[in-house]
Amino acid sequence: MRNTQVPVRHLGIPHILPIAAAVIARLVRQPRLVGGILRRILFAKWRDAEMRLENYWAFCCGVYLADRFRKEGVRHIHGAWASGPATAAWVIHQLEGIPYSFTARATDVRPPDGFLGEKLADCAFARADSSFNVPHMRSFLPDDKWDKVHLVYNTLTMSSEGTAAVPMQSPCRIICIGRLIEKKGFAYLIRAAIRLYGEGVPVDVTIVGGGGLMHTLKSEAQPIHEHVHFTGALPHDRIAGMLRESDILVMPSIIPEGTEQSDGLPTVIVEAMRMGVPVVSTRVASIGDVVIDNETGCLVPQKDVPALAEAIKGLIFDRERALRLAQNARALVNDILSEEKTLGRMEELFESAS
């Protein structure tokens with residue numbers, strides 16, 4: 001976002017008193033309407049305390065913004081996530097009648113919050129950024145309203161300059177990027193790396209990201225700890241350089257047992273493909289939209305350490321194939337995720353909703 005010229009206004013701690021004053025004023029002015037909206041949000045079945053608090057705050061922000069949006073002549077509102085941002089947009093719609101839409105990504109709809117059905121019912125349209133979430137979101141709507149949900153991929157945000165060289169020299173440089181949480185499956189990559197070392201195939205693994213599993217993953221990597229590097233969270237503008245210096249991106253996503261938690265289409269996969277980095281990933285969610293096995297990358301079953309190790313080894317020992325897959329992948333994402341197709345489609349949706 002550093003390079004954008006779009007003005008941004010933050011509703012953080014300094015706005016608590018003005019937001020509270022706006023809620024009280026609106027409640028005095030329209031007690032039945034505001035009270036009804038508040039009751040619906042208070043008694044919704046939110047999936048956890050964090051989600052509940054986020055949406056309570058979204059209600060307050062929505063009330064605060066309603067007057068401002070009306071005065072500024074806002075004709076459409078878009079929530080960047082299906083959770084709190086979409087709730088705030090829904091509140092403004094209830095108060096001022098301004099049409100709204102929202103984007104659903106991953107954990108904001110899997111598992112769904114307690115208000116997703118209402119937000120889908122009242123929106124002008126909803127965007128899913130991966131095919132995996134389209135039928136899931138439509139399941140909250142009657143059949144004749146399914147056309148509200150549209151698949152529009154995230155556009156490419158990283159420069160295509162400086163394609164990765166992919167030398168595949170020993171040890172092979174593997175990178176994986178994401179929050180250190182269970183659904184990313186990083187433990188399976190570490191186990192695959194240990195397996196490769198046991199087979200005499202040295203690799204150097206860099207894990208980029210922060211999160212609660214840092215200590216657990218470091219313990220998992222102990223047998224080859226000198227070859228597994230944890231950078232912690234890094235700013236996005238450093239990722240391009242790290243990708244260009246890597247031989248393979250591995251994204252070992254999983255669906256944790258007994259949960260609905262899942263990636264949709266991890267952005268880092270698309271970014272790696274744009275950089276010409278070969279990709280190994282798992283058959284989870286919408287990853288197969290772009291990682292087509294043996295065409296644009298390698299796909300293996302989730303949680304399958306031997307298969308993951310074999311896929312990595314196959315690319316290491318056949319650099320020509322790895323480069324061919326990377327070239328095919330780059331052509332694919334430049335096509336289906338181009339600005340003309342993604343931003344153009346969003347422009348069409350906004351115009352039709354106005």
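In this predicted model, Ala285 is partly exposed, with a relative accessible area of 27%. The value falls between the 20% limit for buried and the 50% limit for exposed, and therefore the intermediate class applies. Ala285 lies in the loop between strands E9 and E10. Its phi is near 50°, a positive value in a residue other than glycine. Most residues other than glycine have a negative phi.

Glu295 is placed in the loop between strand E9 (279-282) and strand E10 (298-300). Glu295 also counts as partly exposed, because its relative accessibility is 47%. Leaving aside neighbours within four places in sequence, Glu295 is in contact with Leu325 and Asn328. Glu320 lies 25 residues from Glu295 along the chain, and the two C-alpha atoms are separated by 13 Å.

A positive phi is also found at Met168, where the angle is near 55°. Met168 is in the loop between E4 and E5. This residue is buried, because its relative accessible area is 10%, which is under the 20% limit. The loop between strand E4 (149-151) and strand E5 (172-177) also holds Pro171. A cis peptide bond joins Ser170 to Pro171, with omega about -5°. Another cis peptide bond joins Arg110 to Pro111, with omega about -10°. Pro111 is in the loop between E2 and H5. Most peptide bonds are trans.

The loop between strand E2 (100-104) and helix H5 (116-122) also contains Phe115. Phe115 forms an aromatic pair with Trp90. A pair of aromatic rings is described by the distance of the centres and the angle of the planes. Here the centres are 4.7 Å apart, and the planes stand at 85°. The planes are over 60 degrees apart, so the pair is classed as edge-to-face. Trp90 belongs to helix H4 (residues 84-96), and the pair links distant parts of the chain, 25 residues apart. Trp90 counts as buried because its relative accessibility is 0%. Phe115 counts as buried because its relative accessibility is 1%.

The axes of H2 and H4 come within 10 Å and cross at roughly 155°. H2 is therefore roughly antiparallel to H4. The crossing is right-handed. On the H2 side, the contact is made by Leu33, Val34, Ile37, Arg40 and Ile41. On the H4 side, Thr87, Trp90, Val91, Gln94 and Leu95 take part.

Helix H3 (residues 49-72) packs against H4 at an angle of about 45°, with the axes 7 Å apart. H3 is therefore oblique to H4. H3 passes H4 in a right-handed crossing. The residues of H3 that meet H4 include Asn55, Ala58, Phe59, Gly62 and Val63. Their partners in H4 include Gly84, Pro85, Ala88, Ile92 and Glu96.

H2 and H3 pack at an angle of about 165°, with their axes 10 Å apart. H2 is therefore roughly antiparallel to H3. The crossing of H2 past H3 is right-handed. Val34, Ile37, Leu38, Ile41 and Leu42 in H2 meet Arg52, Asn55, Tyr56 and Phe59 in H3.

Charged groups sit over aromatic rings at two tyrosines. The charged end of Arg68 sits over the ring of Tyr64, 3.9 Å from its centre. The charged end of Arg191 sits over the ring of Tyr188, 4.9 Å from its centre.

Ser130 is placed in the loop between strand E3 (125-128) and helix H6 (133-138). Ser130 is buried, because its relative accessible area is 0%. Beyond neighbours within four places in sequence, Ser130 is in contact with Leu151, Gly264, Leu265 and Ser286.

Technical notes: Residues numbered from 1 in each chain as written. Predicted model: local features only at pLDDT ≥ 70, side-chain atom pairs only at ≥ 80, totals over all residues. Heavy atoms only, no water. Phe/Tyr/Trp six-rings, centres within 6.5 Å; stacked < 30°, edge-to-face > 60°. Helix = DSSP H or I, 4+ residues; strand = E, 2+ residues; numbered from the N terminus. Buried < 20%, exposed > 50% of the residue type's maximum accessible area, 1.4 Å probe, protein only. Lys NZ or Arg CZ within 6 Å of the ring centre and 35° of its normal. Axes fitted to C-alpha atoms, helices over the stretch in contact; angles between N-to-C directions. Parallel < 35°, antiparallel > 145°, perpendicular 65-115°, else oblique. Left-handed = near helix turned anticlockwise from the far one by under 90°. Contact = heavy atoms within 4.5 Å.
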